[in-house]
Amino acid sequence: MLQSKSFAKKTKQGRVIKVVREHYLRDDIYCGATFCKVCDTSAARLSASASATILIVDTNVVLNQIDLLENPKIDDVVVLSVVLEEVRHKNLSVYNRVKALCTNPLRKFFVFSNEHHRDTYVKDMIGESPNDRNDRAIRVAARWYQIHLGESTQILLITNDRENKKRATEEGISAETVESYVKSLGKPDLLDLVVLSSSVDVPMEDVEDLRPSKKKIIYSEHKPMSEVTSGLLHGIYHQGKLRVNRYNPFEAYVGSESISEEIVICGRANMNRAFHGDIVAVELLPQDQWRDGKSLIIDDDDDDEEEVHLVPNSADDVPRFENPVQPTSGSSPPVSSHPPGRVVGIIKRNWHSYCGSLDPMPMPAGNAGVAHALFASKDRRIPKIRIQTRQLGNLLDKRIIVAVDSWDCLSRYPSGHYVLLIENDINSRPFSSQVLACLPPLPWSLSLEDLANSNREDLRHLRVFSVDPPGCRDIDDALHCKPLGNGNFEVGVHIADVTNFVLPGTPLDEEASQRGTSVYLVERRIDMLPKSLTEDICSLCSDVERLSFSVIWELTPDANIVSTRYTKSAIKSCAALSYVEAQARMDDSRLMDPLTTDLRNLNSLAKIMRLRRIKRGALTLASPEVKFQIDTETHDPLDIGMYQIREANQMIEEFMLAANISVAEKILKHFSLCSLLRRHPSPTKEMLEPLLRTAAAVGLDLDVSSSKALADSLDRAVGDDPYFNKLIRILATRCMTQAIYFSSGDLSPSEFSHYGLAAPIYTHFTSPIRRYADVIVHRLLAAALGISRLPPIFMDGPQLTSIADNLNYRHRNAQMASRASVELHTVIFFRNRPTDTEARILKIKSNGFIVFVPKFGIEGPVYLVAKDKGSSDWVVDEAHQKVTKAGTKITYGILQTVRIHMEVVEPQPNRPKLQLTLII
Amino acid sequence: MEYVDSLTGFRLDGRRPNDMRQIRGEIGVVAKADGSALFEMGNTKVIAAVYGPREVQNKGQQINNQALVRCEYSMANFSTGDRTRRPKGDRRSTEISLVIRQTMEACILVHLMPRSQIDIFVQVLQADGGTRSACINAATLALADAGIPMRDLVTSCSAGYLSSTPLLDLNYVEDSAGGPDVTVGILAKTDKVTLLQMDSKLPIDIFENVMQLAIEGCKAIAQYIREVLLENTKLLESRKGL
């Protein structure tokens, strides 16, 4: 039965209007306790025993102590809907985590809709603030629980709000603060997860501060939000995302829309507690404080050395602007292109968990084992974080994850607490049983039903083969090529039919969509789909019958497409070749077997297609990929080298591109509003700036007006040595942003284009085993062909957009993880092998330069000046990108070859790094 | 936006997906009219007045073998929060007028009243989604009150599909989400559909579920309307002293 009460509220939507909404109060909301005799217990999640303690948490507890709540030792928690709603408004990421807890079948978290329950709904009282009203609602609900479940069950209200706790006790509800509750549990490891509240709820003397004498204000106070907003409106402040320089954590940039240039922020004091990625409000410094370049490299108590990194692949990975390095003498006027600024307020924090290790320190005596330690993140852009722990011995020399809680202006470092998680947010956990239950039983083989399906064409008679990197187990693409009577060729691209096994809406599908992509690490792979699918059922291995989704063209000998058709099919691959094998077959003129002929035909077609694509303006970009040979027993890298690209690779690539484009056209034709496509935005002028500057320094004139012009001028950029062109291409690649997935309904057709490939539309179709985007595209294509119905999710525009966003995010994280893995192995490799090698100079700085080592694909700084020495006698010529030693003729210019020595050093424990030094 | 809370399964206003809003019907609210009724679905409030059967005003429109049914739908200026003055006879109200007329015509035994005219006036006093359905329900009550012979009671209800869940009786917030919105009108006893409208798109199998839900809603409304009429009849009986 329904009871109706309407309440009025005012919302602002340009103007103030009165909104009346109904609010139904019900009597069929259950308490969620399994032992309850009155309520329906079918959906109950709380403890089965009546003597248990049931916790009711306050909003501030959820917001601040989510790490504690996520610990499996905390259970039997009632989350009130009023709390959830408040959490959702204040912090969406915490909300999502609570939501995950409440849906996790292993945890006893129950959501009680107190706002819709007849007995727990509270009406606003006149003059009561929303906060007080919500607190009252929590207390009313707590009391209801106590009465409802009887005296034998203890209901405990957990709140850190003193006022709320006091009132609760007055009203006869037992209430505790988080600290005292966790202390009463007697589990020291839980105590570490408790965030010590430094908020107003707890008086300052409660917060343990071991060094009261050092209590001086280090950072200036953030401006209140109202002042920031009005400042932004009046153009005094500028809003933007803070990006910390990867090479120098004391320098950051803010790109703001209200000012055309990037604002540079130097020093921790000016950064004023902002983290990398925060949205901040910045105030420009007055002209007289515009400092010249020398002071930009600030020596704080932290080290500011640069680390050796892999070469970034695109602009997203590169700190966008170089140090505005100035000539040595202070007399020269500041010519910095970026105005300096100061952070006055933080609009949105980007705090999450950081991975790293504790700075070594002696074990403190006494103090109940509580120790304050400094945590140094692996990511150098993150400042050190102060944490409090009771198990210091346990954590020292370990890689841990720390979350940031607060940073007040009295402390030099932010304070945080440790949690355990995974860096780059990649889910490497094994698949759950629900997911595995969706898999077909093994051994799987082609059934008659599959063949009888009229939508599935039997192509087992075709000579289909696959070409992949050696050792590839997840083969998702195969090809065939058949000469036709009229001189044309029938070419087919066959892609593993993953969607036949991954049905929409199943747990398997949800898991895959969350993971988004497989992650390739050195000698390890974190799969998107369970192993039996990845390596067996879907993988198009040789000599087994497999289901596939095929794109079949009829091509003229000049590689013009006569017709295209798409079909689900059954194939039987006759050979799974590696690139090397395929190349060897094509090159060996004695081989005349049909398979080799097919390969040669395909190759000649691919060459024509490639040429045409390049003519159209596709960029041939270069990104150095590093390959390791790994010792099978110790898993130590044995050799390291650049990945070699052969004609066979290009051949396969060409047909995959063609298949992707054909599929993109087809799905867009049928579903113009909900296709998942991939686009690559054209780089802006500013993004190409570093490339142009470098090119100008070596006397090269690049035309960047269009992708075609750029491609042509890149082709013309041939220096005196063979590697010159590749270097320029690598630099060009880094100026580009990454290509991204999007839903076609979100953008206008003119924005669909893929800059790098010079294709008007593009999508991903060819790797459904390792990318979820391809799975979506498979479903779209199947629906376009009328084979299956479009899952309802595609009707939901925002949801599709959020899927695309998640894919982009996962994709990027996967790349970062792969890079990190390669970096790690590089360090392991060079640990016992100090090496001398050749390197090229990429960037000139005042105290050294950044070099690129072509042989190993790594880049890092080389210092000309020792760090402890103050001034240098090197003169930087910004315009010509040259550095000259004063008084001598020793000069280094950009792209010049130098010899360097590579060695692993370990200046700080647990943080080994590769050091490059110049050999003169 | 989440229209159905994934944790508790409640809609924004505290209903379950297949809960209807509170409905209320009242007969005889306009004394001058031959029949009148007030119908509320939650915050949607509609008044209907029926005149007739009476002489056809415009002789040119007279139909010799059946009654002429006319319908006029309007929204009071104060029916929505912001007081915008709508011109009479805009596209939307013309369309709804037509829909109501056709729906009612399907159940009135027009052939019993040749050369006469029946006027149905419906006005929305307060709009909160589902006005179309509320108008039809109000008109049914008013026609019954006027004693106009009808085949059956026509009732109407809407259903939508948001957050991958079929929802019964959308309110304004849910209605303006832009999702599919199916309005169904049925002849309650004979189980015949006299009105079916949908905004946006739905796959056919989901559509069937949503429509079935709307039909369930219609039946529940019919049950309620019958109760109201019965109550009213009892009142009339007692007045007559029977």
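Mentor: Buried means under 20% relative accessible area, exposed over 50% and partly exposed in between, with a 1.4 Å probe and protein chains only as cover. This is a predicted model, in which local features need pLDDT of at least 70. Residues are numbered from 1 along each chain.

Trainee: Which residues of helix 20 of chain A are called buried?

Mentor: In helix 20 (residues 707-716) of chain A they are Ser707(A), Ala709(A), Leu710(A), Ala711(A), Ser713(A) and Leu714(A). Helices are DSSP runs of H or I with at least four residues, and strands are E runs of at least two, numbered from the N terminus.

Trainee: What covers the buried residues of helix 20 of chain A?

Mentor: The cover includes helix 21 (723-735) of chain A. Across chain A, 52% of the 920 residues are buried.

Trainee: Why are helix 2 and helix 4 of chain B called roughly parallel?

Mentor: The axes of helix 2 (residues 131-146) of chain B and helix 4 (residues 204-240) of chain B cross at roughly 30 degrees. Angles under 35 degrees count as roughly parallel, over 145 as roughly antiparallel, 65 to 115 as roughly perpendicular and the rest as oblique. The two helices of chain B are therefore roughly parallel.

Trainee: Which residues of helix 2 of chain B meet helix 4 of chain B?

Mentor: Contact means heavy atoms within 4.5 Å. Asn137(B), Leu141(B), Ala144(B) and Asp145(B) meet residues of helix 4 of chain B, among them Ile221(B) and Asn232(B).

Note on methods:
Chains lettered and ligands numbered in written order. Predicted model: local features only at pLDDT ≥ 70, side-chain atom pairs only at ≥ 80, totals over all residues. Heavy atoms only, no water. Axes fitted to C-alpha atoms, helices over the stretch in contact; angles between N-to-C directions.
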